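Subject: Structure handover

Hello,

Here is the structure I promised to pass on. Please open it first, then read my notes below.

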Amino acid sequence: MMPKAAVQQKNGSYAIVPQLTAGLVTPEILRRIATVAERYQIPVLKLTGAARIALVGIKEADVDRVWEDLGLPPAPAVGNCVRSVKVCPGTAACTYALQDSLGLGMKLEERYLGAAVPGKFKIGVSGCPRNCAEAWVKDFGVFGKKTGFTVVLGGSAGTTPRLAKVFAAGLSGEEVIALCGRVLAVYGTHGKERESFGALVERLGMEEMRRLTG
């Protein structure tokens with residue numbers, strides 16, 4: 001039986017991905033990860049595209065003990081759900097930022113991470129149009145402008161690459177959070193099993209998406 005919250009690798013070992021909210025870490029968390037990696041002789045620590053740290057090459061017998069020693073929750077790295085919220089530093093640190101992407105991204109993650117939908121769903125939140133969090137290739141992308149947040153839908157960097165399309169602009173953070181909930185509800189109601197969100201947007205069209213989320 002496959003250990004919980006672990007992904008089997010080609011060589012029979014396992015990988016796990018702890019959740020790091022908005023990609024934020026502390027010295028204590030980094031020390032804990034390093035200590036566990038040394039204790040269990042984990043050969044690979046890999047920064048992921050979702051700004052997490054994957055621990056790769058864990059022996060099956062060690063997986064549960066690794067999780068216990070880490071004391072961190074698992075990230076939703078597989079399955080049909082909201083997989084990740086990638087966030088840039090925003091106004092907390094970046095001179096180019098126009099909006100608080102970090103604060104918004106943390107709220108979106110708290111509200112929706114792991115929510116069940118027909119396929120995998122990724123969110124990106126950037127503080128300015130430079131888009132360091134890659135909003136244009138996320139299912140639900142957000143970036144800041146002087147007038148508020150712009151939301152783009154239906155992007156993907158996967159096997160069928162597509163750029164997202166502008167859906168709404170000039171939104172407050174709370175309006176973005178509410179809109180994301182309505183978008184996920186539409187996906188849950190109208191998406192076919194394992195249909196990507198981008199494919200759903202193309203099938204329904206943007207005007208119908210606006211009507212359904214209105």
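How many helices and strands does the secondary structure of the chain come to? There are six helices and nine strands. Keep in mind that this is a predicted model.

**Overall build**

The chain has 214 residues and a radius of gyration of 18 Å. A compact globule with that number of residues would have a value near 17 Å, so the chain agrees with the globule rule. The C-alpha trace spans about 55 × 40 × 25 Å along its principal axes.

Buried residues account for 47% of the chain.

Take the contacts between residues at least 6 apart in sequence: 56% of them join residues at least 24 apart.

On charge, the chain carries 27 positive and 19 negative charges. Their mean positions are 5 Å apart.

**Salt bridges**

The count comes to ten salt bridges. Here are some of them.

Asp69 pairs with Arg39, with 2.9 Å between the closest N and O atoms. This pair links distant parts of the chain: Asp69 is in helix 2 (residues 63-70), Arg39 is in helix 1 (residues 27-39), and they are 30 residues apart. Asp69 is partly exposed, because its relative accessible area is 29%, a value between the 20% and 50% cut-offs.

Arg203 forms a salt bridge with Glu195, and the closest N and O atoms are again 2.9 Å apart. Arg203 has a relative accessible area of 39%, so Arg203 is partly exposed.

Arg210 and Glu207 meet in a salt bridge at 2.9 Å, N to O. Both residues lie in helix 6 (residues 206-213). They are three residues apart, about one turn of the helix. Glu207 counts as exposed, because its relative accessibility is 59%. Arg210 is partly exposed at 31%.

There is also a network of salt bridges, which links Lys86, Glu134 and Lys138.

**Lys138**

Where is Lys138 placed? Lys138 sits in the loop between strand 6 (121-126) and strand 7 (140-145). Is this lysine buried or exposed? At 9% relative accessibility, Lys138 counts as buried, because the cut-off for buried is under 20%.

Leaving out residues up to four places away in sequence, Lys138 touches several others. Among them are Lys122, Ile123 and Gly124. Gly154, Gly155 and Ser156 are also included, as are Ala133 and Ala164. Lys86 is one of the contacts too, and Lys86 belongs to the salt-bridge network as well.

**Ile16**

Ile16 is in strand 2 (residues 14-16). Its relative accessibility is 1%, so Ile16 counts as buried.

Which residues are in contact with Ile16, leaving aside its neighbours within four places in sequence? The list includes Ala5, Ala6, Ile53, Ala54, Leu55 and Ile58. It also includes Val63, Val66, Trp67 and Leu70. Ile16 and Val63 are 47 residues apart in sequence, yet their C-alpha atoms are 8.1 Å apart in space.

**Two backbone angles to look at**

Most residues other than glycine have a negative phi. Two residues here have a positive value.

Ala22 has phi near 55°. Ala22 is in the loop between strand 2 and helix 1. Ala22 is buried, because its relative accessible area is 8%.

Gln41 has phi near 50°. The place of Gln41 is in the loop between helix 1 and strand 3 (44-47). Is Gln41 buried or exposed? Gln41 counts as exposed, because its relative accessibility is 61%, which is over the 50% cut-off.

Best wishes

Conventions: Residues are numbered from 1 along each chain as its sequence is written. This is a predicted model: local features need pLDDT of at least 70, side-chain atom pairs count only at pLDDT 80 or more; totals for chains, interfaces and linings use all residues. Side-chain values use heavy atoms; hydrogens and water are left out. Helices (H or I, at least four residues) and strands (E, at least two) are DSSP runs, numbered from the N terminus. The radius of gyration is taken over C-alpha atoms; the globule rule is 2.2 Å times the number of residues to the power 0.38. Buried means under 20% relative accessible area, exposed over 50%, partly exposed in between (1.4 Å probe, protein chains only). Contact means heavy atoms within 4.5 Å. Lys and Arg count as positive and Asp and Glu as negative; His and the chain ends are not counted. The place of a charge is taken as NZ of Lys, CZ of Arg, CG of Asp or CD of Glu. A salt bridge is a side-chain nitrogen of Lys or Arg within 4 Å of a carboxyl oxygen of Asp or Glu.
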